[in-house]
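Let's take a walk through this protein together. Have the sequence and the 3D view open, and follow along as we go.

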Amino acid sequence: MTNIMRHKLLFFAFFAAFALPSYAAKPKVVAHRGYWKTEGSAQNSIRALVKADSVGCHSTEFDVWISADGGLYVNHNADINGVVIETADSAALAACRLGNGEPLPTLSAFLDTAATLKTQLVFELKPHKNPERENAAIEKIIRMVRDKGVEDRITYITFSRNAFDGFVAKGGRPVFYLNGVSPEVLKEIGGSGADYHINIFRKNPEWIGRLHSMGMPVNIWTVDSEADIQWCIDHGADYITTNEPELAMRLVEEAYQPRKLRVMTYNLRFGELADMDRLAREIKAAEPDFVAIQEVDVNTNRDLARHNNGLNYVSELAQRTGMFGHYARTLNFGRKGYYGIGILSRHPAVRVEKLELPALAAGEPRAMLEGVFEIDGKKKIVFASTHLDVKSDKTRALQAEYIVKRLAEAGLPAIIGGDFNAKPEEEAITVLRTAMDDLSDAAPTFPATGAKSKIDYLFGMPKGMVVLEKCTVPESSSAPASDHLPVVSEVEVRM
């Protein structure tokens with residue numbers, strides 16, 4: 001095995017291990033104390049459990065206490081109608097009624113019903129007056145959960161560190177902590193995931209990414225407003241605990257509806273063959289959401305492009321197309337000018353960053369311009385523009401590896417377009433196609449007149465998330481506006 005082949009195998013092994021977990025999954029909705037905000041229901045009632053299941057909630061959260069004589073009961077508060085569960089016996093508790101008229105549910109009856117349903121079960125043991133009471137409850141709970149045949153659907157949660165440790169040691173199921181400790185502390189004490197109030201995550205939003213990087217999911221509670229639910233969706237929550245499960249499920253579905261986008265890449269040949277009006281018409285005719293542009297001048301004076309001398313190409317094109325413009329310099333040109341790459345976008349940017357690409361030898365600097373953009377003000381996507389090395393296929397392969405790794409780190413759907421200076425069979429394109437979906441067809445793009453080579457591409461990642469529906473390589477009816485043909489692709493982003 002050659003060193004190059006070994007290097008490639010190590011890269012792809014690294015990428016497979018690194019990239020897949022980084023993309024946030026569609027959040028799952030947890031009905032807080034069941035779906036109780038509905039007719040005939042009440043908090044922690046069997047009716048609320050059934051209703052949560054009937055509307056399709058992924059999970060139902062419920063609260064458990066142990067009575068003075070060792071009975072297990074489902075209730076949020078320490079008392080019901082003034083009867084304190086911990087100090088009452090089963091006879092007294094049997095007479096208690098919920099707001100909807102149901103008897104105070106025993107855990108046994110609650111789990112008997114749960115066994116007939118599909119909803120997952122988020123089991124909260126409330127903090128008791130002393131550790132001995134909690135330990136007794138834990139022993140009974142674990143045994144009952146197993147006997148009822150619902151063990152594989154249980155996640156334990158608690159505010160009590162004693163109960164947390166007991167479930168970690170004996171429960172055999174995921175255990176989430178409700179107190180807002182740091183991701184590192186949570187991992188150290190054996191937590192399976194974080195289950196924190198939204199205010200904790202608002203103060204520490206970076207914890208979500210850190211928890212995910214440690215392989216720990218995130219549940220956020222208790223979020224009922226549309227704004228709070230949307231915040232959880234936008235920040236990558238795995239679970240959303242809410243008293244408004246139907247609202248939460250609707251917002252999640254809306255956020256994760258596939259988006260249709262039209263994306264484009266176009267090497268402009270520094271405006272040698274067309275003025276700004278002509279280039280803008282070519283771009284505007286494609287009606288793109290995003291355009292990756294290469295060989296873009298700013299404030300230059302070129303003998304070959306006198307009709308564009310002194311212009312800021314990105315600003316000019318943005319104004320003429322009604323798009324936002326972003327630029328990355330790769331070279332200085334003359335005393336005051338720049339040469340580089342750019343992005344035109346119909347969607348506002350959250351951030352845009354220039355990243356220098358690696359090279360095996362000294363040569364013309366190359367870069368990737370990477371932006372995070374908001375689609376419909378709700379979902380984020382990465383769009384990037386690049387122009388790879390023109391001389392060395394090994395350098396292009398190295399640059400492709402860098403691009404794959406960098407875009408994977410974003411943890412978002414990503415599309416990149418550019419002049420890759422590589423034919424389809426070359427190593428750089430193999431690297432990209434291994435990790436990404438090719439969003440362009442086989443039509444040649446260079447030279448514009450009598451095109452013979454395909455060197456301009458669009459790619460999307462992760463695989464299966466950005467799906468090509470149609471690709472065109474438009475040819476001008478008159479003389480070409482550049483020495484490259486543009487590539488325009490209609491894609492569906494499965495967010």
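## Salt bridges and a pair of helices

Start with E254, which forms a salt bridge with R250; the closest N and O atoms of the two are 2.9 Å apart. Keep in mind as you look that this is a predicted model. Now find where the two partners sit: E254 and R250 are both in helix α11, which covers residues 245-255. They are four residues apart, or about one turn of the helix. Are these two side chains tucked away or out in the open? E254 has 30% relative accessibility, so it counts as partly exposed. R250 has a relative accessible area of 39%, so R250 is partly exposed as well.

Next, move along to helix α12, residues 276-285. Here R278 forms a salt bridge with E282, and their closest N and O atoms are 3.0 Å apart. Because R278 and E282 are four residues apart in α12, about one helical turn separates them. Check R278 for accessibility, though: its value is 14%, and the cut-off for buried is under 20%, so R278 counts as buried.

Salt bridges can also link up through shared partners. That's what happens with K260, E469, E492 and R494, which are joined into one network this way.

One more pair is worth a look: the side chains of E272 and R269 meet in a salt bridge, at 2.7 Å from N to O. R269 has 26% relative accessibility, so it is partly exposed. How many salt bridges are there in total? The count comes to 33.

To describe two packed helices, you give the angle between their axes and the distance between the axes. The crossing of α2 past α4 is right-handed.

Which residues make the contact? From α2 come I46, L49 and V50, and they meet A109, F110, T113 and A114 of α4. Sort the residues of this contact by type and you get six nonpolar, one polar and no charged.

Definitions and conventions: Residues numbered from 1 in each chain as written. Predicted model: local features only at pLDDT ≥ 70, side-chain atom pairs only at ≥ 80, totals over all residues. Heavy atoms only, no water. Left-handed = near helix turned anticlockwise from the far one by under 90°. Helix = DSSP H or I, 4+ residues; strand = E, 2+ residues; numbered from the N terminus. Contact = heavy atoms within 4.5 Å. Nonpolar A, V, L, I, M, F, W, Y, C, P; charged D, E, K, R; others polar. Salt bridge = Lys/Arg side-chain N within 4 Å of Asp/Glu carboxyl O. Buried < 20%, exposed > 50% of the residue type's maximum accessible area, 1.4 Å probe, protein only.
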